[in-house]
Amino acid sequence: GGGGGVPGHGSCTEEGSDNRKLKGMVMHELRSPLHGIIGLSNTLSQDESPMQKPLKMIGSSAERVLELVTNLMDYWTLAEEPVGELAQDAIDVGALVSEVVSRCKAATDKRGKPVQKQKVELTTSMAEDVGVLIGDQQSLLQMLYHMVHNALKFTHQGKVTVGAMPSVDGVCVQLVVEDTGIGIHKENQNRIFEVFHQEDASESRTYEGIGLGLSIIREVVRIHGGKIDLQSQPDSGTTFTVRLPLRPDLAVNAGA
């Protein structure tokens, strides 16, 4: 969703729109061959042959690059979006949570293994009266998906709980993702939302990805006029709480 520029801003608006066109073109040029590679490797790997395994690996590698390209484009698009200039979808919060949970249950890592480990339970905790949120459905879906996916990625046993409840004052909805995972060290808690930051940046790090998911979460919260809170204890788990105004004019991050 693009918030169109304000007429009369002359070259700034034109520059922004050129920039968007360029990014759209780059995205298309990167995605098309990747879709081709994925399609061909899937077709060829249907046959029983010694090449079946390497062909599947080619397909899953291309899928990872496609996911990275998509996340990068999502981040760029969101980072340019001004607060409040977004789609006004009426979003059923309960349905949003259900969709994200079922997508995360089906998600796999680069080795094709489920992101949700065997010893991890994925549960939901929904308040009765969460109600309807006005916002950009697609970006909120992405935001919650990244929150839950991240929690599952760093949790090896115990559970990940996705909750939604109205705020005490009734103007916000709170989305909470709580896990019993590895936790985040105090000194890294403010930095993890930076683009490309990962707590473990070593070459041999255990977890894949370049930390774009958290930056996407931060930008989605920002354009919805919301706030994000993180509480974490190394080795015992992390809780992410996102407060989103039920309507854009009730922004809670005006002073942030």
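The following paragraphs describe the fold, surface and selected side-chain features of a predicted model. Residues are numbered from 1 along each chain as its sequence is written, and side-chain values use heavy atoms, without hydrogens and water. Local features require pLDDT of at least 70 and side-chain atom pairs pLDDT 80 or more, whereas totals for chains, interfaces and linings use all residues.

The protein chain contains 5 helices and 7 strands, taken as DSSP runs (H or I, at least four residues; E, at least two). Their order along the sequence is α-α-β-α-β-β-α-β-β-α-β-β. Of the contacts in the protein chain (heavy atoms within 4.5 Å) with a separation of 6 or more, 71% join residues 24 or more positions apart.

Of the 256 residues in the protein chain, 40% are buried (under 20% relative accessible area; exposed, over 50%; partly exposed, in between). The protein chain exposes about 14200 Å², of which carbon and sulfur atoms supply 54% (Shrake-Rupley method, 1.4 Å probe).

A nonpolar surface patch is formed by Leu22, Met25, Val26 and Leu30, with about 350 Å² of accessible area together. Patch residues have over 30% relative accessible area and no salt bridge, and nonpolar side chains are joined within 5 Å; a salt bridge places a Lys or Arg side-chain nitrogen within 4 Å of an Asp or Glu carboxyl oxygen. Leu22 lies in helix α1 (residues 11–44) and is classed as partly exposed because its relative accessibility is 46%.

The charged end of Arg103 sits over the ring of Tyr145, 4.8 Å from its centre (for Arg, CZ within 6 Å of the ring centre and within 35 degrees of the ring normal).

Conventions. Patch = residues over 30% accessible without salt bridge, like charges linked within 9 Å, V, L, I, M, F, W, Y side chains within 5 Å. Buried < 20%, exposed > 50% of the residue type's maximum accessible area, 1.4 Å probe, protein only.
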